[in-house]
Amino acid sequence: MHTSASSLPPGHDQETVADAYLRALARHRVDWLFCNAGTDFPPLIEAYERARRRDAKVPQPVLVPHENVAVGMAYGAALTTGKPQVVMVHVGIGTANAACGLFNAARQQVPLILTAGRTPVLEGGRLGARNNYINWAQEMFDQGAMVRELVKWDYELRDPSQVDAVVDRAYAASASSPQGPSYLVLPREVLSAPAQPAAMPTFAAPVPAARARQQDIDQLADWLATAKKPLIVTSDIGRSAQAFEALSAFARRWAIPVVQYRPRYGNIPTSHPMFAGYNPSQWVPQADCVLVLESDVPWIPDECRPAPNARIAQVGKDPLYLNYPMRGFPSQLSIAADAHLVLQDLESALAARMEGSEAAIAQRQARVADLTAANRQRQDLPANLNHRYVSRCLAELFDDETVLINEYPFTLEELDVTQPSRFYSHSPAGGLGWGTGMALGIKLAAPQRTVVLTVGDGSYMFGNPSAAHFVARAMGLPILIVVYNNRRWAAVHRATLSMYPDGLAAASEEPPLTCLEPSPDYERLVEASGGLGLRVERVEELREALQQAMQAVRGGRQAVVNILTQASYTRTS
C-alpha cells in the first residue's frame, strides 16, 4: 500500500530536482534506469523512495554492479525496443568504467543516454556539498571530455529550472538519425535543490532518417539496370524488420547476390537464394556494380579490391562514416538516407528500366543461386570440440523464439536465420564484455525470448560475470551463456600470425600475452547466483550438456556451459 503525498512525513514532501529528473524521463517513456550507484546518488535514492510512496510513474531502477554490464543492458534494450535507454553512473570514475560500452554504442549507432553524477562543487555549507574525503580527488576539470568524442551531445545540468530542457535535448540527440549516445552530467547540489518550474515548455522532435534525392535514386537505378554482375555488401541493414524484409525482396526480384561481411544483425535469410555468404573476397573483384548498404568496412583492401571499372555506391545514414578518423573505401555515389527506404525507392525506378528483362533476370537468378548453393548446405563435420561442431550442436536447439548474441566464437555458417531480430553480434569497435549486458537487456525487454550468448573465455571475463549473474538472478532474467574455452586470446594470436606468419611466435605453442592458463572453472561462477553450471571436456558430453542447459533456461534458471574447445589459430578474414 502506497502513502499519499499529503501523508508523507513532515519535511519530506518537498520535491527536488532529482524528482523532476525522474518525471522527465518518464515523460519520454523511459522504462528503466540502469544504475551503478555512488555517493552522488542520495538525492536520486530519496526521490525514488518518494515516488514509491506516492505511486508515481517513474522508470524502474535497475541496480547493476558494474558499469560495463549496465551500458550493455541499455544497448540490448535499445535495440529490442527501438527507444533510447538511460544509464546513470558515479561521477567520472563510473564514466571511465562505462567508456568501453559507450564506444561500442557510438560506433554501432545505438541510442542511449549516459548520465553521471558530478563531484560536488561546494566545499560545505549547503545540502549536497562535499562531505566525504573522495569528493576532492574525484573532481575533474572537464568530466565530459572523457567521452566527448564518443557522444553526439554532452552537457552539465546547471540550474534546477533546466532539468526538463536538458533531458529533452539529450533524448532528441540520441534518437535523431544517425542515432547514438548522449552524455549528461548531474551535479549533486543541483539534484538535491528544490524543484522549480521549467523556464519554458520544451519538446524537440528527433530528426528522422532522410530519404534519398530522386536524382541519386535515378543514378543508382541506371547503374544497376546496366550491370551484368551487381553485388550488395552489408553489415547492418537488418537492424529493423522492415529493412530485413526489404532487402530480401529486393535481392530476390532483381537477382542480386548479398554478402554479409562481419554482420551485426541478420540482414537476409540464410536460406535465401541470393545469400552469398560472409566472405566478400569471393565476389567483390568480379562485380561491375557494388551497392554497399550500411557497412563501415565492406571488405579488407589487402585481401580484395573492386575491379578498376566497377561502380560503387555507398548508402546509409552516414555512408562515409565521417566520425571515423580514416576510412578510404571508394564511392562514386554516396547517399545519406535510410537504406531500407532507398531500396523501396529503387524498386519502382528499376522496374521502369528493367521492363522486358524478365528472362535475363531469371537467367542471372539461376546462375547466382547455383553459386550460392554452398551457403545453404551443411558439410559433414567430425564430432569433436572444435568451434564449428559446437556451434552446430547449439544451433540445433534453437527455435523461432531464440535470440543469439555472438561475441566472436560462434561459426556463422552453422546459423539458420529466417527472421529479423534473432541474431546480434558485437559492435565494430570490438569492446569486449559487451555480450553479457546485451543478453540481459534483450531478455529484460523481450522476456518471451530464449536468449543465448556465445563468448570466448576472454570475453566472458571481460563481461564482469559476477555482476551479470547477480543481475540475472535479482531481475529474474534467465539467459544461457556458452563459453568457447580455448584457453587463449585467439584474436590476439591470429593477429600476430597475420603479421608474422613465419615469425618466432608462430612456431611457439605458447606465444607471449596470448595464453589464458590455468583456466578458471567458469561454470562455477553462475552457481554462486543460483544458476546451473556445466563443464564439457569430451565431445560425448556436449549434446546432453547443451540440452540440459537450454531446458534450465527455458524453465527460468540461468545457465553457463563451459566447453573446453579445440581451436586452430590461423589467419581468418
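Which loop holds Pro 178? Pro 178 sits in the loop that runs between helix 6 (163–175) and strand 6 (182–187); helices (H or I, at least four residues) and strands (E, at least two) are DSSP runs, numbered from the N terminus. The model is predicted, so local features need pLDDT of at least 70 and side-chain atom pairs count only at pLDDT 80 or more, while totals for chains, interfaces and linings use all residues. Residues are numbered from 1 along each chain as its sequence is written, and side-chain values use heavy atoms, with hydrogens and water left out.

**Figure 1. The whole protein.** The protein has 18 helices and 17 strands. Along the principal axes, its C-alpha atoms fill a box of roughly 80 × 60 × 50 Å. Of the 573 residues, 56% count as buried (buried means under 20% relative accessible area, exposed over 50%, partly exposed in between, with a 1.4 Å probe and protein chains only). The accessible surface comes to about 24700 Å², and 52% of that surface belongs to carbon and sulfur atoms; areas come from the Shrake-Rupley method with a 1.4 Å probe, and for residues only the protein chains shown count as cover. Among contacts between residues at least 6 apart in sequence, 75% join residues at least 24 apart, where contact means heavy atoms within 4.5 Å.

Figure 2. Ser 177 and Pro 178 are joined by a cis peptide bond with omega of about -10°. A cis bond also leads from Glu 517 to Pro 518, with omega near 5°. Pro 518 belongs to the loop between helix 16 (490–499) and helix 17 (523–527). Most residues other than glycine have a negative phi, and most peptide bonds are trans.

**Figure 3. Surroundings of Lys 152.** Lys 152 is in the loop that separates helix 5 (134–137) from strand 5 (154–156). Its relative accessible area is 37%, so Lys 152 is partly exposed. Beyond its neighbours within four places in sequence, Lys 152 contacts Ala 173, Ser 176, Ser 177, Pro 178, Gln 179, Gly 180 and Pro 181. Pro 111 is 41 residues away along the chain, with 9.9 Å between its C-alpha atom and that of Lys 152.

**Figure 4. Two residues with positive phi.** Arg 29, which is not a glycine, has a phi of about 60°. Arg 29 lies in the loop between helix 1 (17–27) and strand 1 and is exposed, because its relative accessible area is 60%. Glu 294, also not a glycine, has a positive phi of about 45°. The loop between strand 9 (289–293) and strand 10 (311–316) holds Glu 294, which is buried at a relative accessible area of 8%.

**Figure 5. Surroundings of Asn 36.** Asn 36 occupies the loop between strand 1 (32–35) and helix 2 (42–54). With 11% relative accessibility, Asn 36 counts as buried. When its neighbours within four places in sequence are set aside, the contacts of Asn 36 are Phe 41, Val 64, Pro 65, His 66, Glu 67, Met 88, Val 89 and His 90. From Asn 36 to Ala 204 the C-alpha to C-alpha distance is 29 Å, and the separation in sequence is 168 residues.

**Figure 6. The second largest pocket.** About 780 Å³ of space is found in this pocket. On a 1 Å grid over the protein atoms alone, a pocket is an open set of points with protein on both sides within 12 Å along at least five of seven lines, a cavity is a set of points where a 1.4 Å probe fits but cannot get out, and lining residues have an atom within 4 Å of a point. Grid points are joined across faces, edges and corners, and a volume is the space filled by probe spheres set on the points. The lining of the second largest pocket has 42 residues, and those nearest the centre are Leu 79, Gly 82, Gln 179, Arg 239 and Ser 240. At least two lining residues come from each of helix 3 (67–81), helix 9 (241–254) and helix 10 (339–353); helix 3 gives the most, with four. The lining comprises 19 nonpolar, 13 polar and 10 charged residues (Ala, Val, Leu, Ile, Met, Phe, Trp, Tyr, Cys and Pro count as nonpolar, Asp, Glu, Lys and Arg as charged, and the others, Gly among them, as polar).

**Figure 7. The largest cavity.** The whole structure contains four cavities of 30 Å³ or more. The largest cavity holds about 40 Å³ of space. Its lining includes Gln 260, Tyr 265, Thr 270, Leu 412 and Phe 423. Eight lining residues of the largest cavity are nonpolar, three are polar and none is charged.
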